[in-house]
Amino acid sequence: MTEILSLAGENLISPIILSFALGLAAALARSDLTIPEAVAKGMSIYLLFAIGFKGGVAVSTHGIDTTLILSLIAGLILSFGLPLLAFALLKILTGLSVVDAAAVAAHYGSISIVTFVAGTSVLEGRLIDAEGYMVAVAAVMEAPAILSALWLVARNGGGGAKMEPGLIRELLLNGSIVLLVGAFLIGAITGQDGLDDIASFIVAPFQGVLCLFLLDMGLIAGRGLRQSRGVLGAGAIGFAILMPLISASIGLVTGMLIGLSLGGVVLLMILSASASYIAVPAAMRVALPEANPSIYLTLSLGVTFPFNLTLGIPLYLAIAQAATGG
Amino acid sequence: MTEILSLAGENLISPIILSFALGLAAALARSDLTIPEAVAKGMSIYLLFAIGFKGGVAVSTHGIDTTLILSLIAGLILSFGLPLLAFALLKILTGLSVVDAAAVAAHYGSISIVTFVAGTSVLEGRLIDAEGYMVAVAAVMEAPAILSALWLVARNGGGGAKMEPGLIRELLLNGSIVLLVGAFLIGAITGQDGLDDIASFIVAPFQGVLCLFLLDMGLIAGRGLRQSRGVLGAGAIGFAILMPLISASIGLVTGMLIGLSLGGVVLLMILSASASYIAVPAAMRVALPEANPSIYLTLSLGVTFPFNLTLGIPLYLAIAQAATGG
Amino acid sequence: MTEILSLAGENLISPIILSFALGLAAALARSDLTIPEAVAKGMSIYLLFAIGFKGGVAVSTHGIDTTLILSLIAGLILSFGLPLLAFALLKILTGLSVVDAAAVAAHYGSISIVTFVAGTSVLEGRLIDAEGYMVAVAAVMEAPAILSALWLVARNGGGGAKMEPGLIRELLLNGSIVLLVGAFLIGAITGQDGLDDIASFIVAPFQGVLCLFLLDMGLIAGRGLRQSRGVLGAGAIGFAILMPLISASIGLVTGMLIGLSLGGVVLLMILSASASYIAVPAAMRVALPEANPSIYLTLSLGVTFPFNLTLGIPLYLAIAQAATGG
Amino acid sequence: METHTAKRVEIVIEAPLERRLTDALNEASVTGYTVLPVRGGSGRSGKWTREGQVGRAGMVAVVCLIRPERLDELLDAAFAVVEKHIGVVSITDAQVLRAERF
Amino acid sequence: METHTAKRVEIVIEAPLERRLTDALNEASVTGYTVLPVRGGSGRSGKWTREGQVGRAGMVAVVCLIRPERLDELLDAAFAVVEKHIGVVSITDAQVLRAERF
Amino acid sequence: METHTAKRVEIVIEAPLERRLTDALNEASVTGYTVLPVRGGSGRSGKWTREGQVGRAGMVAVVCLIRPERLDELLDAAFAVVEKHIGVVSITDAQVLRAERF
Ligand SMILES: Nc1ncnc2c1ncn2[C@@H]1O[C@H](COP(=O)(O)O)[C@@H](O)[C@H]1O
Ligand SMILES: Nc1ncnc2c1ncn2[C@@H]1O[C@H](COP(=O)(O)O)[C@@H](O)[C@H]1O
Ligand SMILES: Nc1ncnc2c1ncn2[C@@H]1O[C@H](COP(=O)(O)O)[C@@H](O)[C@H]1O
Ligand code: NA
Ligand code: NA
Ligand code: NA
């Protein structure tokens, strides 16, 4: 327990977390500090490219693990399944409508790649290796949750769900997924030589870019929280803390069952516990327009994201270390 | 004297200054070279974050100096006081209206963080240390000058000054101040460990980013000069050269009185001598809309900024070395 | 021959080319992956500044070669002359109107700086030196081709060509040229010392930035190809492959005649073979508005650019090595 | 200078719906429109700004000049997309130069 | 398709004043508006472009669809802010779909 | 609030022509205009979006408020530039506050 606390404490005073806190504080204090949208998008492209590439290089050097396929399947099942759990939990804890609850559930089945990136950088800081293909698992987990949510709406008589033909294509060819998977493949093909070529771009400045990116995430989360004050009850907020803990536990068991390394288990916990706030919200505006965006954005970006970033990641790591004896 | 000249000469052929000159020349020749606004803003966020962070780390490693409080108070007094001097000087040298003169005065009491950054990089190039908390002094000096200017207008019957309730909050929570102070605190908290994490982002490429940023400043200054040709008389231009010299002298005496190191004295001189062209112009549009923006922008950005960047900084350094015997 | 193939193979699996391929594939698959325009422009400014600066430093360290003037003159003549050849070839191979053929010809006389940059990075990867002033030759080759095209239209009775007074100035003070030449001069003035100051900005991350930039080029080329499907016949596409081969041969002979090093010869071949898709299209909209942009953009950006990037560069290198015995 | 009567339709719609709107316009044979970026706004669903967004969120404004007799077709097509979504449609009378262009 | 009469008010104002304008609109109970970015312009105070600016300088365009009977309230609120500042206010007649939206 | 009759002219034109258009407006003594960025569009020459461009490509929208009696001068000046190029010109009736401003 003390170890968990010290780990959490150490995590909390890293430049990354403090940058996020700065953004959050600035937004709550209504500072006009903003990061231009184009720059933020540029940084996210950088982070996706770097994380994908490094994952691919890791696969190319360590060879393809027998657990790769299992991990991808596990990711798919988690992304399909977690929304059902989330939906049930929301029905218990909150009075949200079917459509709103399903939309929220979709977010929690999908993932936040930034939380994943922050997790990998905590692991790197502690010199814990993880399977390089976890970025492919992340990619696989982005979209299925959306289908589950639409199915939940249809099944619970929420009528409005539109499963347009174009939507699935759009989800699978979503910019983030394409970039992540593409960079992964480039890394896997070019291997260590490729990494040597561009390491001073994608490795050396990575942590620093992540700081500025999280500063922006803090600004956005803070602004969201300020604008949606009063929208959410205690039940919903409780959900946004409880759900990641449950998902992380499921991720832990899954990861151990399929035989991932300590690092891999932690990353699968983080993927399970994290909630989307980019791909899924955009899909919801198309497929479930009746769902209220400020509910799902506030929960995923305003509550769960900061929770995972600050307390969740060190907690999951500590739990995984205890469970795997690593 | 020869030493000053050689110092100035050396400063003038650095990539930083030449990049500024390139931008100036391109704009004066009416090239369509432009740096996208979002990229320029991204670079300024990078520079503020890096300079604040490094200042914080310096404080965390060297401990808090007894002169810290004195320096902050000195900064406050300079920022409040210099506009009064500037206003008096403008009344002597130019025929500007009360409102225009007060608006210009506000700019010269406040600071230019880019000039400050250029100064720190000259000091680093000469291996001269400076107190890390000078970035906090810079933050403290941004806003007070604006209040002095409004007071000057009220006192001289310039009627139009609006001291709206929102304005002070806005000034204090201005994005640049929040970022600079926030990064300073993050640096102070995470210390050398934090710096090691992100040094390859905020230290290694710093000079290069500064080059591109100054290229953009040159473009903007050049475009401003081209558009405001004929707006300003010789008196106003004389003011824009004379005032920084006077302010720097006052900064020199102040810095020596409170016992700053050679580097600290130089930075206080630079802060005193520099004129704002971001925060104060925006505040003036709100509080003194009758003041003519092209007057104050041309003086601060078109004349004083290039003067300080090219001749001012090496001059102040040489004077401070002579005065402190350093 | 096997050597050429292995060289091409090696080139094809570099992170740079694979990033371009990723962009191309993403766009053809209609992914919504995009790089914000401001970020793309920021990267191109970075690349121009870096390549110009490094060229200038090379000149400052190796001294000015006696072939410098010859190279500049050769560049001028090539840029003026190649459009005439291109025009004749287009008349043979395609049924394009005079105006369209002249507009296309202008693009092939001018250059693509990104192809040039990719070429220098291939040379660096193989440790082949090249004359630093080749960037100046690149700058010189941008504009003349446009004048040739206007002359072709006038001569062939295409009536519409407007040689407005402003246009020449605009071409010569074009942002890319000014930045490239300006950075070259800064590099030449500050030399190795200047490079040491900013090497960790302009040297270390260069390859990585180039990857992301080529990713964007791939996206744009792919989108262009998708939108202009059916616009072009086989003759036009044949031209877009044949013309660079002819131009590269002429560049080879020219480079050997004026006594360039192996690296210099390769770069002159690349400059000759590459086709503009930034400066010339903008000029054509002003000077030859009747020309159809999707013809010249598809040929230069959709066909010739990918061809040069993937097969052209290693081919030109192999040919030059064979011809010079280097 | 000779001008022709037209309607200027301005549709403010969520960015993730942009493609669906332009597809619907295309299907209704409306092939002329201009898309303007939007920095922020306020409406029944609250206030927002460009910089407070992640991903493709935010809104765009689509401006369409159309012959008066084709207005209803356009509005029907647009309404089918905008209906359930956040967005505003307004129409003003306009004149255009060069009738062949629309 | 049924439409409703409205006024379209377009206010071009300096960016540092944007918040003050939207606050004034809010106080006058005008809660529907769209803010468009501006790239440059020209007026009595000269010519400017987005790229020649530092900081928050530049202008924005605020577009407001409003019921005709509420126009004067809106103009009074806007005028109080725009009065001493650089900026332009124009009004056109418009029709809107979905009256509940404004 | 007192308003004055005006014409609102909106010109969508290729970005490389922007300077030529504003120069032409200046020569016709039209010194008030606002330039808005354009994200994309569709017309006879096809569909395009901001992000699919390299360099200065793309379009801009120039909005001009002008006294009705000066409209023809403006249209003549604009037409001379737009004529051979890709672009659209539309005119709506408007009212403006503060006549001295235009
Ligand atoms: N009356 C209005 N005038 C102009 N724009 C509006 C108006 N109402 C809504 N909007 C725009 O449409 C968006 C969504 O509106 P709403 O669906 O009412 O929340 C807002 O953010 C504004 O950009
Ligand atoms: N007649 C006009 N038509 C359109 N926009 C205008 C007009 N006059 C001024 N503007 C806009 O308002 C800004 C400030 O105008 P001014 O206060 O006249 O300098 C200009 O930069 C333009 O963006
Ligand atoms: N009917 C229209 N309504 C609005 N904008 C249009 C219209 N037609 C063309 N445009 C705009 O003008 C650009 C060029 O049109 P065009 O010359 O027809 O290809 C398009 O990309 C649109 O941005
Ligand atoms: Na999840
Ligand atoms: Na000062
Ligand atoms: Na060429």
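Donors are N, O and S atoms within 2.8 Å of the metal, or within 3.2 Å for Na, K and Ca; water is not among the atoms, so sites may look incomplete. The model is predicted: local features need pLDDT of at least 70, side-chain atom pairs count only at pLDDT 80 or more, and totals for chains, interfaces and linings use all residues. Residues are numbered from 1 along each chain as its sequence is written, chains are lettered from A and ligands numbered from 1 in the order in which they are written, and side-chain values use heavy atoms, without hydrogens and water.

The sodium ion (ligand 4) is held at 2.4 to 2.9 Å. Its donors are the O atoms of Tyr108(A), Ser110(A), Leu271(A), Ser272(A) and Ser274(A). Along the chain they follow the spacing Y-x1-S-x160-L-S-x1-S. Leu271(A) and Ser272(A) are buried (under 20% relative accessible area, 1.4 Å probe, protein chains only).

Ligand 1 has 19 residues around it, each with a heavy atom within 4 Å. Arg44(D), Ser45(D), Trp48(D), Thr34(E) and Leu65(E) come nearest. The surrounding residues belong to chains D and E, so the site is shared between chains. The shell divides into 10 nonpolar, 7 polar and 2 charged residues. Strand 3 (40-43) and strand 6 (87-96) of chain D, with strand 2 (33-37) and strand 5 (59-66) of chain E, each supply at least two residues of this shell.

Backbone atoms also approach ligand 1. A backbone N or O atom of Ser42(D) lies 3.4 Å from an oxygen atom of ligand 1. For Leu65(E), a backbone N or O atom is 2.9 Å from a nitrogen atom of ligand 1. The protein covers 98% of the 480 Å² of accessible area that ligand 1 has on its own (Shrake-Rupley method, 1.4 Å probe).

Methods
Buried < 20%, exposed > 50% of the residue type's maximum accessible area, 1.4 Å probe, protein only. Polar contact = N/O pair within 3.5 Å; in protein donor to acceptor, adjacent residues only side chain to side chain. Helix = DSSP H or I, 4+ residues; strand = E, 2+ residues; numbered from the N terminus. Nonpolar A, V, L, I, M, F, W, Y, C, P; charged D, E, K, R; others polar.
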